[in-house]
Amino acid sequence: MEIIKVIALSATLSLLSFAAHAQGTPAAKDAYLYFVWPQDGTVIKGAFWARFGLRNMGVTHAGDNFANAGHHHLLIDVNDPLDPKEPIPQDKSHLHFGAGQTEARIELPPGKHTLQLVLGDAKHYPFDPPVVSKKITVTIK
Amino acid sequence: MRGEIRHIHSGNDGDTPHEATPRRLAAIIAGDISGYSRLMQIDEEGTYARVKRIERDLVEPTIAEHHGRLIKTTGDGFLAIFDSPVEAVRCGIVIQQSMVGRNASLPRQHWIVYRIGVNLGDVIIEDGDIYGDGVNVAARLEGIAQPGQIYISGGIYEQVKHKLVCGYQSLGDRQVKNITDPVRVYRVLPDPSALMEGRIRPVIALLIAGTVCLLAVAGGAFWYLWIRSDSHMAGRTPAPVSAPAEVAKVTPAPVVPQAAPKTPATTATPAIKQQPSPQPIREPEMISLPGGNFAMGSNDDISEKPVHQVAIKPFSIGKHPVTIREWNACADAKACGFTAAGKEDAPVTDINWNDAKQFVTWLAQVTGKKYRLPTEAEWEYAARGGTQTKYWWGDQFQSDMVNCKNCIAAAAVEQPMKIGSLKANPFGLHDMGGGVDQWVEDCWHKNYQGAPSDGSAWVADGDCSSRVIRSGSWRNDARSARPASRDRYDAVVRYPTHGFRIALSP
């Protein structure tokens with residue numbers, strides 16, 4: 001058992017260091033990103049606070065190179081696939097929370113909208129593997 | 001303080017109502033490091049340095065961001081007050097969550113873990129310190145909090161329960177030391193589902209968490225060290241989109257003394273006396289614009305409404321965004337935060353609003369001229385170049401006019417393109433739209449409801465943690481390249497497409 005643990009540990013170590021050599025910053029193995037609120041299918045009247053949940057990794061400021069920590073990005077009605085080799089885009093449908101915010105006041109026009117969270121590293125790149133939430137749909141009345 | 005000065009000047013004539021009891025209601029947050037003396041025993045100097053760094057990089061800015069006031073830091077803790085209980089609890093959550101990230105790369109015995117208590121109460125503010133029962137209760141809450149946790153009093157709970165979507169676990173009434181009445185205590189769970197988990201299978205969860213932590217921590221530490229040494233060697237590589245060959249080449253950034261007929265007598269400024277620049281500063285090329293009226297905004301996006309008339313006074317604006325060469329002159333003078341790598345004629349990128357402000361402050365100081373950031377109104381006035389159409393050349397999009405996503409026919413353009421690569425607008429300005437996003441002075445307002453009409457920077461009543469960016473970038477579509485298009489970004493955060501151009505008052 002001990003030996004297996006040691007082997008697993010060294011394997012993880014080498015994997016992690018190689019991953020750093022390549023493109024993305026390594027994500028924590030069991031990182032879990034999700035919406036605390038709203039939930040999938042929520043019907044909302046007017047503006048709302050979206051709250052971001054993250055387990056097994058920490059939230060930090062953009063620019064901070066702490067291991068196992070990143071900052072939130074909220075993707076609104078985005079259908080393009082995420083490019084792991086590019087920084088997460090910045091525009092009105094890709095909101096950045098580089099100051100370490102874990103919630104945001106969101107105003108959307110009435111109708112159905114999709115929301116998805118993506119965790120970005122110090123340089124706004126997705127982690128490897130990407131830490132993304134389920135894409136949820138909300139309806140604004 | 002003000003009262004005292006008046007006493008000196010006018011004598012005690014009694015017309016100043018003396019602030020006898022500077023009492024106020026405040027949300028008080030007390031934090032301290034659990035096991036501080038143990039940490040000091042393991043590594044005194046290292047712990048001290050790390051705690052100071054955490055206070056400087058995390059605690060102080062987070063309190064400021066949440067509109068709080070830091071009262072004091074003690075060896076192992078801090079005390080702050082907030083007008084808003086919601087902001088106080090948010091501040092606590094940010095600090096706790098950030099600490100998770102910071103500790104992740106360290107072995108467990110070196111973890112710095114805060115306990116945080118928040119209470120709502122009456123405080124007396126005196127000589128920069130605060131006193132009162134309210135403060136004591138906050139300190140007691142902190143004392144009973146589990147490491148890494150935030151405990152709040154019933155008073156705080158009542159204020160935040162419907163405003164902060166967190167889990168709150170009631171811990172019942174607790175008798176705290178030297179306080180007569182028991183205090184109702186709640187534990188804040190930033191993640192409500194953690195409440196359930198904590199109750200169901202603590203042993204299994206602990207076992208799993210322990211194993212994962214061991215792996216993650218060891219792996220993380222290794223990776224962190226590696227990244228650290230790597231980042232030290234590589235220096236700063238700002239624009240990850242440019243070819244690696246360019247990035248690796250660290251530019252020496254010579255200040256080219258050519259073509260500087262209007263170079264000022266820089267030595268006249270006292271601020272640079274201790275650092276006389278060997279060569280005169282080459283100022284960015286400026287275009288002076290006449291004043292005028294124009295209709296600002298458009299009906300294409302809710303943030304651009306309502307269209308409103310603005311009167312602009314004469315001013316000058318940079319012909320191009322600030323280049324890497326121009327930026328690095330400031331970096332060489334130690335007045336700007338970092339040296340940018342890349343082609344000297346390319347616009348500097350990865351600039352946050354504070355960086356841009358540092359640059360204009362420096363340039364104004366060494367030249368003695370009124371250099372500054374443009375206001376949002378000035379930027380749009382300049383970008384329109386006297387037109388009222390969707391783009392400066394008309395209402396229809398044309399390719400090869402602006403450097404935006406899918407806007408340039410030529411494939412594989414190196415980004416960001418060097419300055420002056422594309423046509424200038426009727427005012428002779430390049431890249432007012434596309435290229436790099438450009439910071440302006442204004443704080444973010446979600447539309448123009450209540451905007452000034454005199455072309456000044458709109459700072460009042462706005463969200464000044466976000467500042468306005470204009471122009472869109474090579475990574476945004478044509479919609480963002482319209483002169484009326486506007487967006488925002490955190491003033492303190494750098495992003496690889498963000499740059500700026502400067503303005504000059506006459």
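Me: What share of the contacts in chain A with a separation of 6 or more comes from residues 24 or more positions apart?
Reply: In this predicted model, residues 24 or more positions apart account for 69% of those contacts in chain A.

Me: How many helices and strands does chain A have?
Reply: Chain A has 1 helix and 9 strands. Going along the sequence, the pattern reads α-β-β-β-β-β-β-β-β-β.

Me: And what percentage of the residues in chain A is buried?
Reply: Of its 141 residues, 53% are buried. Chain A also exposes about 6,400 Å², and 59% of that comes from carbon and sulfur atoms.

Me: On to chain B. What makes Cys330(B) and Cys336(B) a disulfide?
Reply: Check the sulfur atoms: they sit 2.0 Å apart. The cut-off is within 2.5 Å, so a pair of cysteine sulfur atoms inside that counts as a disulfide. Both Cys330(B) and Cys336(B) are buried, too.

Me: Why is the disulfide of Cys330(B) and Cys336(B) called right-handed?
Reply: Because the torsion about its S-S bond is about 85°.

Me: What about Cys404(B) and Cys407(B): how do you know that they form a disulfide, and which hand does it have?
Reply: Their sulfur atoms are 1.8 Å apart, and the limit is 2.5 Å, so they form a disulfide. The torsion about this S-S bond is about -95°, so this one is left-handed.

Me: Are Cys404(B) and Cys407(B) buried or exposed?
Reply: Buried means under 20% relative accessible area. Cys404(B) has 4%, so it counts as buried. Cys407(B) has 1%, so Cys407(B) is buried as well.

Me: Which parts of chain B does the pair Cys443(B) and Cys464(B) link?
Reply: First, the bond: their sulfur atoms are 1.9 Å apart, and with 95° about the S-S bond the link is right-handed. The pair links distant parts of the chain, with Cys443(B) in strand S14 (residues 437–444) and Cys464(B) in strand S15 (residues 463–470), 21 residues apart.

Me: Why is Cys464(B) called partly exposed?
Reply: Its relative accessible area is 30%.

Key:
Residues are numbered from 1 along each chain as its sequence is written. Chains are lettered from A and ligands numbered from 1 in the order in which they are written. This is a predicted model: local features need pLDDT of at least 70, side-chain atom pairs count only at pLDDT 80 or more; totals for chains, interfaces and linings use all residues. Side-chain values use heavy atoms; hydrogens and water are left out. Buried means under 20% relative accessible area, exposed over 50%, partly exposed in between (1.4 Å probe, protein chains only). Helices (H or I, at least four residues) and strands (E, at least two) are DSSP runs, numbered from the N terminus. Contact means heavy atoms within 4.5 Å. Accessible areas come from the Shrake-Rupley method with a 1.4 Å probe; for residues, only the protein chains shown count as cover.
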